[in-house]
Amino acid sequence: MRASQKDFEDAMNQVKLLKKDPGNEVKLKLYALYKQATEGPCNVPKPGVFDLVNKAKWDAWSTLGNLPKDSARQNYVDLVSSLSSSPEPSSQVEPRADEKPAGYETLVVTSEDGITKIMFNRPTKKNAISTRMYEEIMLALKAASEDKSALTVLTGIGDYYCSGNDLTNFTDIPPGGVEEKAKSSHILLRNFVQCFIDFPKPLIAVVNGPAVGISVTLLGLFDAVYASDRATFHTPFSALGQSPEGCSSYTFPKIMGSAKATEMLVFGKKLTAGEACAQGLVTEVFPDSTFQREVWTRLKAYAKLPANTLRVSKNIIRSREREKLRAVNAEECITLEERWQSEDCMNAIMNFLSRKAKL
Ligand SMILES: CCCC/C=C\CC(=O)SCCNC(=O)CCNC(=O)[C@H](O)C(C)(C)COP(=O)(O)OP(=O)(O)OC[C@H]1O[C@@H](n2cnc3c(N)ncnc32)[C@H](O)[C@@H]1OP(=O)(O)O
């Protein structure tokens with residue numbers, strides 16, 4: 001049976017009562033379905049390319065094409081009902097006894113066999129890191145640092161490991177303009193990278209597919225990196241008008257030598273998994289067909305080692321570098337704050353967004 005006008009109105013009221021912000025993507029979907037259900041297909045002029053918020057709304061509405069009003073009404077009611085019936089929106093995993101209550105919107109976190117697994121869960125966006133995801137990763141790392149597991153693993157859900165910073169983060173400009181946005185991004189990035197510098201247990205990356213931007217640079221702060229042979233490693237900072245972060249300006253030259261680091265971080269050379277392994281960024285590469293089985297078998301064995309001893313040994317390796325890494329992080333963030341306000345960076349982001357809007 002189709003949703004009635006009353007169901008639709010009830011759903012609109014339910015949206016106002018949601019306990020948790022459903023995030024921008026869902027809000028855009030709700031907006032588009034509401035407009036389609038009440039006014040029909042998008043019939044207003046397309047906002048200018050710099051009017052980013054209204055353009056995102058227009059894009060969301062116009063992608064519904066000629067969807068009939070009653071179908072849009074039904075979809076709206078279904079979407080609201082899915083949000084209201086799951087208080088922990090996208091936690092797909094049953095909480096276990098040794099797991100902290102999750103409730104993450106952008107991650108799935110599990111804890112079993114001595115391993116806490118933090119999975120990026122925005123596969124339709126190639127696991128791009130939204131502002132919310134930065135915050136949730138910091139929370140998940142804090143919880144993992146305090147739980148009983150011996151190892152913490154980061155990996156991606158879907159075909160990508162992670163496509164780096166979500167470039168639409170830069171479109172949410174506060175009243176203080178681009179300068180204020182660059183300042184708040186500086187603080188967010190510094191705190192985020194600091195969590196990796198200070199993480200007290202062995203931290204492992206299971207790179208299930210391509211990795212871009214900050215998801216690559218951070219690998220220099222992991223204790224081991226296992227990659228599928230489908231993975232690639234790309235840091236296109238110069239093309240984006242940006243500069244290296246994640247302490248990579250220090251860790252990469254140390255790991256692979258300054259010439260190879262320059263090819264990656266300055267010229268944006270994309271490495272295959274085999275090349276990244278040969279350069280020391282990746283610990284070992286596995287054929288994609290056996291990747292998951294081989295990696296998890298190995299990690300489960302490592303996780304049986306005494307957890308406290310693993311911590312102590314990691315700490316003695318990291319302690320020599322910690323202060324240096326903090327200083328590098330601070331310096332990289334200062335440089336990036338300036339870069340984010342540059343014409344090169346703004347043009348690159350506009351190009352990405354225009355490509356999305358197929359201008
Ligand atoms: C606090 C701030 C810290 C800043 C620190 C870090 C800097 C960086 O990380 S720089 C690196 C930023 N990342 C990129 O430049 C990658 C951009 N994306 C791409 O080039 C391509 O999308 C990619 C090669 C990853 C995949 O290409 P395709 O296989 O052709 O897929 P699509 O392009 O169709 O992507 C599917 C879907 O995902 C959205 N997407 C992918 N990556 C991002 C991203 N980084 N930011 C935002 N959105 C992303 C893409 O737009 C598509 O969305 P829809 O159009 O809605 O389907």
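**Fold, ligand shell and a helix pair**

Biologist: How many helices and strands are in the protein chain?

Modeller: The model is a predicted one. Its protein chain contains 9 strands, and the helices number 14.

Biologist: How does the radius of gyration of the protein chain stand against the globule rule?

Modeller: For 359 residues the globule rule gives 21 Å. The chain is close to that value, so it is as compact as a globular protein of that length. Along the principal axes, its C-alpha atoms fill a box of roughly 65 × 50 × 40 Å. The radius of gyration itself is 22 Å.

Biologist: Which helix gives the most to the shell around the ligand?

Modeller: There are 20 residues around the ligand, and Ala128, Ser163, Gly164, Asn165 and Gly213 come nearest. By class, the shell has 8 nonpolar, 7 polar and 5 charged residues. The helix that gives the most, with 3 residues, spans residues 177-198 and is α6.

Biologist: Are α8 and α9 parallel, antiparallel, perpendicular or oblique to each other?

Modeller: Helix α8 covers residues 248-256 and helix α9 covers residues 258-265; their axes lie 7 Å apart at an angle of about 130 degrees. Angles of 65 to 115 degrees count as roughly perpendicular and those over 145 as roughly antiparallel. The two helices are therefore oblique.

Biologist: Which residues of α9 make the contact with α8?

Modeller: The crossing of the two helices is right-handed. On the α8 side, the contact is made by Ser248, Ser249, Phe252, Pro253 and Met256. The contact as a whole has 6 nonpolar, 3 polar and 1 charged residues. From α9 come Ser258, Lys260, Ala261, Met264 and Leu265.

Methods. Residues are numbered from 1 along each chain as its sequence is written. This is a predicted model: local features need pLDDT of at least 70, side-chain atom pairs count only at pLDDT 80 or more; totals for chains, interfaces and linings use all residues. Axes are lines fitted to C-alpha atoms, for helices over the stretch in contact, and angles run from 0 to 180 degrees between N-to-C directions. Helices (H or I, at least four residues) and strands (E, at least two) are DSSP runs, numbered from the N terminus. Angles under 35 degrees count as roughly parallel, over 145 as roughly antiparallel, 65 to 115 as roughly perpendicular and the rest as oblique. A crossing is left-handed if the near helix is turned anticlockwise from the far one by less than a right angle, and right-handed if clockwise. Two residues are in contact if their C-beta atoms, placed from the backbone, lie within 7 Å. Ala, Val, Leu, Ile, Met, Phe, Trp, Tyr, Cys and Pro count as nonpolar, Asp, Glu, Lys and Arg as charged, and the others, Gly among them, as polar. A residue is near a molecule or strand if its C-beta atom, placed from the backbone, lies within 6 Å of it. The radius of gyration is taken over C-alpha atoms; the globule rule is 2.2 Å times the number of residues to the power 0.38.
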